[in-house]
Structures are given as structure tokens and as C-alpha cells.
Amino acid sequence: MLRTVNRVLLGLTAVVLVCVGGAVLAAGLGLSVPSWWPWYGRSDVLLSEADRDRWRGEGWWWPAVIAALAIVVVLALWWLLAQLRRARLAEVLVDSGDGEGALLRGRALEGVLADEAGNLDGVARAQVVLTGRRSSPHAGIRLLMEPHAAPEETLGRLTDEALAHARDSAGLAQLPAEVRLRAVRHRAERVS
């Protein structure tokens with residue numbers, strides 16, 4: 001979701017900047033512009049002195065400006081904190097059966113899942129990252145496959161064994177996973 005928000009905000013900012021820049025450029029070059037266009041020619045300024053002083057005497061002007069700037073600052077801080085937030089899941093909520101629940105460290109579950117996936121036949125190395133919410137985690141798994149490995153068989157065993165064990169041991173209803181397979185680089189075998 002963070003990527004989507006970033007892309008939408010960057011896209012909207014780009015559209016606004018291109019429109020404002022195009023308007024200033026068109027007026028500065030003396031091109032014919034529509035009557036509703038805010039700038040008309042090379043000698044026109046963005047804000048005249050009358051426009052700058054028009055709202056100063058109104059009682060609502062400064063509170064409105066301060067409120068708008070406060071909203072911009074709060075949104076900017078929210079965006080900054082969202083960027084700094086860790087993508088990894090720190091802990092997983094395990095249903096202990098007594099209504100309280102228990103917390104399992106996310107790194108511990110990642111380590112166990114990576115070890116079990118790494119022990120599968122044909123897997124040279126496994127990396128696991130848990131994301132999502134602590135009550136409904138999502139596993140991102142990267143497997144480095146040996147040259148002799150059968151990807152379909154390895155993926156089936158990963159689903160039936162490693163992911164099923166992790167899901168059952170954490171008491172999760174489901175543990176969705178995205179698995180990326182990559183082959184080990186190796187030299188071509190010579191036949192003599």
C-alpha cells in the first residue's frame with residue numbers, strides 16, 4: 001500500500017508542477033492563453049500587491065492559513081513516518097487458547113521457516129521475510145535453487161511441509177506466501 005500511496009502522491013505532484021510550469025512558460029513566452037488563464041503576458045506577476053493584501057483584513061484569513069499549513073505539516077510527517085516504518089513484521093500474534101494470546105518474534109518464525117525451506121532437496125539457500133499485520137502475516141520467500149532441482153516438486157514440498165508447519169505452529173488460519181525461485185549460477189558441464 002505504501003508504494004501505491006507514494007506513486008499517487010508523486011503523480012499528483014508531477015501533474016500540478018507541470019500544469020503550473022506550463023502556465024508560467026506559456027505566459028512568459030507571450031503565447032495566446034485563454035481568458036481564464038491566471039497570467040497574461042511577460043510583464044504579468046504571479047501575485048499582484050492587491051492580491052497579496054486582499055485578505056489580510058479579514059478575521060478568518062490567518063486561522064485558515066495556519067490550519068492549512070498545519071494540515072500540510074501533519075500529512076508530511078505522516079508520509080515521513082510511513083517511509084521510516086519497518087517493512088518486516090516484528091511479532092506474530094499466536095492464539096494461545098486462553099483468550100490472551102502470545103507474541104512470537106517475527107525473526108524467529110522467519111528463521112525457522114528459512115531453515116526448513118533451506119533443508120528441502122534442491123534448495124541451496126532460503127530467505128524469508130514476514131510482512132503484513134501481526135494477526136495475518138504474509139511470507140515473502142526467496143529460494144536459490146541447485147542445478148539439479150525440480151522447481152515444481154520443491155514448491156509443492158515447501159507448501160505442504162515448511163509453510164504448513166509454520167502456519168500450524170503459529171496457530172494461523174492461513175499463511176499466504178510469495179515464492180521467488182532463482183537458479184544457482186554454475187558452469188556448463190562438459191561431455192567428453
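1. T154 is in contact (heavy atoms within 4.5 Å) with L120, D121, V123, L143, M145 and A149, leaving aside neighbours within four places in sequence. T154 sits in helix α5, residues 151-169; helices (H or I, at least four residues) and strands (E, at least two) are DSSP runs numbered from the N terminus. At a relative accessible area of 4%, T154 is buried (buried is under 20%, exposed over 50%, partly exposed in between; 1.4 Å probe, protein chains only).

2. This is a predicted model, in which local features need pLDDT of at least 70 and side-chain atom pairs count only at pLDDT 80 or more, while totals for chains, interfaces and linings use all residues. Residues are numbered from 1 along each chain as its sequence is written, and side-chain values use heavy atoms, with hydrogens and water left out.

3. The count of salt bridges (a side-chain nitrogen of Lys or Arg within 4 Å of a carboxyl oxygen of Asp or Glu) comes to 4. One of them joins R134 and E91, with the closest N and O atoms 3.0 Å apart. R134 lies in the loop between β3 (123-133) and β4 (136-145) and E91 in strand β1 (residues 91-94), so the pair ties together parts that are 43 residues apart in sequence. R134 is partly exposed at 39%, and E91 is partly exposed at 30%.

4. E161 and R157 form a salt bridge at 3.2 Å, N to O. Both lie in helix α5, 4 residues apart, about one turn of the helix.

5. E178 and R180 also meet in a salt bridge, at 2.8 Å, N to O. E178 is partly exposed, at 38% relative accessibility.
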